[in-house]
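Hello,

I am handing over the structure below, and my notes on it follow. Please read them with the model open.

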Amino acid sequence: MSDDFMLDTDDLERRMEGAIASLRTEFASLRTGRASASMLEPVMVDAYGSPTPINQVGTVNVPEPRMVTVNVWDKGLVNKVEKAIRESGLGINPQLNGTIIMLPIPELNEERRRDLTKVAGTYAENARVAVRNVRRDGMDQVKKAKSDGLGEDDQKFWESAVQELTDTYIKRVDDQLEIKQEEIMQV
């Protein structure tokens, strides 16, 4: 039994990759002074009685580097979409033009840039915690196998494999954070 133990490192890697994907999504929602359709992804509109992502009530476009537009499909939802954007905490003041909501992206001041780098750091720490949780699960599987008769050499091998995978993904999180912070601080 003990010689047959194989840790599913593919599963651990897939779960750690999920933490990186989640981090990328969170980073995409951070404003960097450039217009991006993804910055509206976290905005939910109260449409037809339930919270709905903004991209399901209208078309989100980036016609120029400092402008995002939302072309709302249902005229009755225009005010609700505008209200959702206003209350989203993005710091953008929507302007109505019929069924099109224009969102001019203002320059970020130094203080706001610092705040955004702190938010990015928080997102990165959450991703690191998620990676470490996957590591803990992997280590628990190895410990359980040891109690079932896994040899000490095999235990050390699997523990170092899990640790190596963890170190790789933590480094990827740190690299992503560094890139995002440079992007935010760029004037």
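**The loop at tyrosine 48**

Tyrosine 48 sits in the loop between β1 (44-47) and β2 (50-53). Strands (E, at least two residues) and helices (H or I, at least four) are DSSP runs, numbered from the N terminus. This is a predicted model, in which local features need pLDDT of at least 70 and side-chain atom pairs count only at pLDDT 80 or more, while totals for chains, interfaces and linings use all residues. Residues are numbered from 1 along each chain as its sequence is written, and side-chain values use heavy atoms, with hydrogens and water left out.

The phi of tyrosine 48 is near 55 degrees, a positive value in a residue other than glycine. Most residues other than glycine have a negative phi. Tyrosine 48 has a relative accessible area of 63%, so it is exposed. On this scale, exposed means over 50% relative accessible area, buried means under 20%, and partly exposed lies in between (1.4 Å probe, protein chains only).

Glutamate 64 belongs to strand β3 (residues 58-64) and is partly exposed, at 45% relative accessibility.

Methionine 67 is in strand β4 (residues 67-72). Its relative accessibility is 15%, so methionine 67 counts as buried. Methionine 67 and isoleucine 105 are 38 residues apart in sequence, but 5.7 Å apart in space, C-alpha to C-alpha.

**Helix α2**

Lysine 80 lies in helix α2 (residues 78-86) and counts as partly exposed at 39% relative accessibility. Lysine 80 and glycine 149 are 69 residues apart in sequence and 62 Å apart in space, C-alpha to C-alpha.

**Helices α3 and α4**

How do the axes of helix α3 and helix α4 cross? The axes of α3 (residues 110-147) and α4 (residues 152-185) come within 9 Å and cross at roughly 170 degrees. The two helices are therefore roughly antiparallel to each other. Axes here are lines fitted to C-alpha atoms, for helices over the stretch in contact, and angles run from 0 to 180 degrees between N-to-C directions. Angles over 145 degrees count as roughly antiparallel, under 35 as roughly parallel, 65 to 115 as roughly perpendicular and the rest as oblique. The contact of α3 with α4 has 15 nonpolar, seven polar and ten charged residues. Asp, Glu, Lys and Arg count as charged, Ala, Val, Leu, Ile, Met, Phe, Trp, Tyr, Cys and Pro as nonpolar, and the others, Gly among them, as polar.

**The aromatic pair**

The whole structure contains one aromatic pair. The ring centres of phenylalanine 157 and tryptophan 158 are 5.0 Å apart and the planes are at 75 degrees, so the pair is edge-to-face. Rings of Phe, Tyr and Trp (its six-membered ring) pair if their centres lie within 6.5 Å; planes over 60 degrees apart count as edge-to-face, under 30 as stacked and the rest as tilted.

Tryptophan 158 is in helix α4. Tryptophan 158 is buried, at 11% relative accessibility, whereas phenylalanine 157 is partly exposed, at 49%. Tryptophan 158 and glutamate 64 are 94 residues apart in sequence and 51 Å apart in space, C-alpha to C-alpha.

Regards
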